[in-house]
Each structure stands twice: as structure tokens, then as C-alpha cells.
Amino acid sequence: MEKAESVETPTLFTPYEMGNFHLSHRVVLAPVTRNRALNEIPNEAMAKYYAQRSTEGGLLISEATVVSRTAPGYAHCPGIYSEEQVQAWKKVVEAVHAKGAIFFCQLWHCGRASHSAYQPGGAAPISSCNKPISKQWPVLLPDGSATEYPAPRALAAFEIPGVIEQFRQAALNAIQAGFDGVEIHGAHGFLIDQFLKDGINDRTDEYGGSIANRCKFLMQVTEAMALAVGIDRVAVRISPILDHLDAIDSNPLALSLAVIERLNKLQQDSGSNLAYLLVTEPRSSTTKEAANQGNVELMRKLRKAYQGTFMRAGGYTRVTGMEAVAEGEADLVAYGRLFISNPDLVKRFKMNASLNGYDKTTFYTHDPIIGYTDYPLLGEEIGSNPTM
């Protein structure tokens with residue numbers, strides 16, 4: 001009788017084949033807004049920041065990057081819709097590639113999560129609806145002051161192909177800048193999520209009402225980008241159970257399974273898979289003491305349904321990330337806050353070393369050094385915080 005081959009349990013440090021991309025480990029830099037791109041132009045500080053977090057065969061996802069002049073909702077976030085931005089991004093991408101890492105650009109439109117101060121001619125932001133975000137979510141203006149979100153303008157159906165074209169062109173621009181791929185930001189209450197969630201989308205046309213109609217905008221964006229740059233260079237991010245910016249749905253499981261069903265069909269029709277599906281979950285649901293077991297079960301059902309690389313994000317630690325990979329609940333795990341304060345996070349995780357604590361007050365400032373590129377490497381820190 002032949003002896004059965006033993007299959008080693010995967011860890012965060014087990015190599016992974018993500019389509020045509022050969023990853024040396026499964027610790028991913030999550031897309032995290034940092035507000036350091038002055039006037040929407042990537043710069044040397046950003047090149048240093050991303051290079052610090054690059055490892056040979058590691059995967060990095062850029063901060064959310066706006067696809068057009070109507071897309072911003074925050075100050076000093078990078079764009080990728082102009083030639084100047086594309087040329088500036090090239091230097092950042094080159095710094096990452098010099099370390100042997102793989103770099104995806106997250107493409108973003110804020111939709112109603114914006115203000116006339118960020119819009120051309122002081123116009124109202126666009127959305128799936130005319131409803132403003134509630135007062136519990138203040139918007140920060142370019143001068144740093146906070147105010148209420150204004151009422152957006154619902155896009156007419158004939159305008160939507162123009163927005164899809166913005167995403168398509170941004171994908172082409174990203175590849176021109178040297179990125180290895182692009183991620184569609186369909187999460188966290190921004191424009192695409194504003195079409196997906198029925199707590200926001202109150203349309204009565206072909207883009208509203210049924211789940212099928214609400215999925216249409218995301219799928220049209222995905223299909224256009226896949227045709228433009230190749231499906232294997234396109235990824236999608238969703239957040240079915242995250243209520244950020246009032247992004248609530250009455251049946252998140254049905255909605256997310258519908259999205260996955262359509263992504264699976266696109267992959268089958270294309271004969272190739274998307275690069276990955278990234279699902280953000282509430283930070284609390286990634287702990288052993290998760291208050292809402294329903295969230296945990298929902299994520300397991302999504303993992304089982306999706307036919308491709310499944311990435312998770314949302315407050316993971318080394319321990320919970322290792323568990324997610326070992327138990328088959330994720331292929332890859334994305335880290336945000338821990339990567340902000342630990343540029344050598346992969347090394348620290350491998351050594352099970354202590355971690356630097358992060359300073360939330362510097363997450364979204366504009367200083368090119370403080371709270372951005374000045375976090376110490378292992379052995380350089382003073383009074384490190386053993387947050388495992």
C-alpha cells in the first residue's frame with residue numbers, strides 16, 4: 001500500500017500562487033489612506049514608505065487612488081487620471097519593484113462621501129441617490145475643519161457609462177505607471193458600494209431595486225477593466241457587513257453571494273481568474289470573542305462560494321492571520337495598521353517579535369516623515385509594544 005503524501009498546513013509564510021504572480025508569503029499590505037500625496041501627486045516620501053514595506057515576492061496594495069476629478073473626498077489623496085500623476089507613480093512603483101515586490105493600485109471613487117470643496121466648480125458630489133450621509137459621519141474639508149456631508153446628486157443612467165470609462169482609463173494608466181495590477185474599491189460606503197447596498201441605493205431604474213440591478217455597476221466596471229488590462233490583473237474589494245458611511249444592506253449575505261456568483265461567472269467566461277477577492281470585515285469579528293457569530297459564518301460562506309484567491313482584512317493579528325490561513329478561511333491576509341507602524345512586519349511576524357505601537361493621530365496627516373516613514377525597524381525601536 002502506497003503511503004499517502006503528507007500535506008503541510010499552510011502558514012502566513014507559505015508561498016502562494018496568485019494566478020501568474022508568485023508570492024513568497026501571504027502577509028499583504030492592505031490599502032490604507034495616508035493623505036501624503038500633496039495636490040494628488042505621488043512623491044518621494046510615498047516611494048520611501050512603500051519601499052520600506054516591500055519584500056521579495058510580497059504583495060502590496062496602494063492606498064485608495066482617485067480615478068477622476070470628481071472622485072476625491074479627502075485632501076491629498078493620490079490620483080491616477082492625469083499624465084503628471086502617472087509619471088509620478090512610476091517612481092513609487094520602481095521603488096517597490098526594486099525590492100522584488102508585487103504592487104497593485106486600488107482605484108477609487110468616493111461618490112457621495114465627498115464635498116463641493118473637492119468637486120470641480122463646487123458641484124455636488126455624485127452618487128446612486130440624492131440622500132446625504134448622516135451627521136454621525138463628518139467630512140473633513142481641505143483646511144482641516146469638519147462639517148456635515150452635503151446632499152449628493154444621483155447619477156442619471158446615461159451618465160454611468162462615463163464613470164465606468166473613468167475606472168477603465170485609470171486601470172490603463174496604472175499599468176502604464178508600472179503597477180502589476182489594479183483593485184476595484186467596491187467597499188466601505190464609497191461610490192460602488194453606494195450602488196450595491198439597499199440602505200443607500202433607492203433607484204427605480206436598471207441600477208436599483210433588485211440585487212441583480214444593484215450589482216450591475218460593479219460588474220460593468222469589473223468587465224471593462226478586465227477587457228482593458230486582463231482579468232488576471234484585476235481584483236475586487238467588497239465589505240458586505242461593514243456599515244462605514246451608512247453603507248448598510250438588508251441582506252448582506254444574499255448581496256455578497258450575488259456579487260460572488262457574478263464574479264465566478266466572469267471568471268468562467270474569461271477562462272481565467274481575477275487576481276483576488278478582498279473582503280473587509282468588522283475588526284471585532286476577527287477575534288476569538290467575536291460578538292456577532294453571524295459575521296463569522298457569513299465570511300465562511302463567502303470563502304466557500306468564491307472560486308479564486310480569497311483575501312481577508314479587518315484587524316487581524318499574527319495569531320488570527322495564521323489561524324485563518326491554516327484553517328483554510330483565507331489564502332491571503334491583508335494588514336493595515338500593523339503595517340503602518342511596522343515597515344518590517346513580515347520579518348517581525350516570522351520571528352514572532354514584538355511590534356511597534358501605532359499612533360492614530362498621524363494616520364491622516366500630511367507630514368512626509370512623522371508617523372509615515374519614521375517607524376523603526378526591528379532592533380531600532382525604543383519601548384516597543386508586544387502586540388501579537
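Analyst: In helix α8 (residues 318-326), the buried residues are Arg318, Thr320, Gly321, Ala324 and Val325. Buried means under 20% relative accessible area, exposed over 50%, and partly exposed in between, with a 1.4 Å probe and protein chains only. Helices (H or I, at least four residues) and strands (E, at least two) are DSSP runs, numbered from the N terminus. This is a predicted model, in which local features need pLDDT of at least 70 and side-chain atom pairs count only at pLDDT 80 or more, while totals for chains, interfaces and linings use all residues. Residues are numbered from 1 along each chain as its sequence is written, and side-chain values use heavy atoms, with hydrogens and water left out.

User: Against which elements do the buried residues of α8 pack?

Analyst: Contact means heavy atoms within 4.5 Å. The buried residues of α8 pack against β15 (332-335) and α10 (345-351).

User: What is found at the N-terminal end of α8, and what follows just after this helix?

Analyst: A polar contact is a pair of N or O atoms within 3.5 Å; within protein, one must be able to donate a hydrogen and the other to accept it, and residues adjacent in sequence count only if both atoms are side-chain atoms. Here threonine 317 caps the N-terminal end of α8, with a side-chain oxygen 3.3 Å from the backbone nitrogen of valine 319. Just after α8, glycine 328 has a positive phi of about 75 degrees.

User: Which residues other than glycine take a positive phi?

Analyst: Histidine 76 is one of them, with phi near 60 degrees. Histidine 76 belongs to the loop between β5 (65-66) and α2 (83-97), and its relative accessible area of 22% makes it partly exposed. Asparagine 352 is also not a glycine and has a positive phi of about 55 degrees. Asparagine 352 lies in the segment after α10 and counts as partly exposed at 46% relative accessibility.

User: How is the packing of α5 and α6 described?

Analyst: Axes are lines fitted to C-alpha atoms, for helices over the stretch in contact, and angles run from 0 to 180 degrees between N-to-C directions. Angles under 35 degrees count as roughly parallel, over 145 as roughly antiparallel, 65 to 115 as roughly perpendicular and the rest as oblique. Helix α5 (residues 211-229) and helix α6 (residues 252-270) pack at an angle of about 40 degrees, their axes being 10 Å apart. Therefore α5 is oblique to α6. The residues making the contact include Leu218 and Met219 of α5 and Leu255 and Val259 of α6.

User: What angle do α6 and α7 form, and which residues meet there?

Analyst: α6 and helix α7 (residues 293-305) pack at an angle of about 15 degrees, with axes 10 Å apart. α6 is therefore roughly parallel to α7. In α6, Pro252, Leu253, Ser256, Leu257, Ile260 and Asn264 meet Leu298, Lys301, Leu302 and Ala305 of α7.

User: Is glutamine 106 buried or exposed, and what does glutamine 106 touch?

Analyst: Glutamine 106, in strand β6 (residues 102-108), is buried, with a relative accessible area of 1%. Not counting residues up to four places away in sequence, glutamine 106 touches several residues, among them Pro31, Glu63, His185 and Arg237. Glycine 144, in the loop between β8 (139-140) and β9 (146-147), counts as exposed at 52% relative accessibility.
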